[in-house]
Amino acid sequence: VGIGQDITARIAQEQEYIRLIDTANAPIFGVDSEGKVTVWNKCAADVTGYQSDDTMGHHLVSEFITEDFRASVQEVLDRALQGKETANFE
């Protein structure tokens, strides 16, 4: 028994999200539950000097955040993983 499903629309939507993130005029990054980079857009690369290939799969806080901000950035990420928002982080 086999089941088929047309996922053409879903793939098109995912490609549109990727395009929007990559062309955004703000730095956008994503991390997984272990803190490893999964998304790094062009603006993030322009601002930091690290290209997507340099960051993907690497730990964001320990490898790309300066030591003086590591604890506070890690706290924000930990809160986000728990579903808690942090407003006005600077």
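**A hairpin, a helix and a pocket**

Me: How many residues lie between E1 and E2 in their hairpin, and which turn residue has a positive phi?

Reply: Five residues separate E1 from E2 in the hairpin, and Gly35 in the turn has a positive phi of about 85°. This is a predicted model, where local features need pLDDT of at least 70 and side-chain atom pairs pLDDT 80 or more, while totals for chains, interfaces and linings use all residues. Numbering runs from 1 along each chain as its sequence is written, and side-chain values use heavy atoms, without hydrogens or water.

Me: What makes E1 and E2 a pair?

Reply: Strands (DSSP runs of E, at least two residues, numbered from the N terminus) pair if DSSP finds at least two bridges between them. E1 (residues 29-31) and E2 (residues 37-40) have three bridges, in the antiparallel sense, so they pair. Val31 stands opposite Val37 in E2.

Me: Why is 21 Å the span expected of H5?

Reply: The expected span is 1.5 Å times one less than the number of residues. Helix H5 (residues 67-81; helices are DSSP runs of H or I, at least four residues) has 15 residues and reaches 21 Å from first C-alpha to last, close to that expected value. Gly83, with a positive phi near 85°, follows H5.

Me: How do you know that the lining of the largest pocket is mostly nonpolar?

Reply: Ala, Val, Leu, Ile, Met, Phe, Trp, Tyr, Cys and Pro count as nonpolar. The lining has 14 nonpolar residues, one polar and no charged. H5 gives the largest share, four residues.
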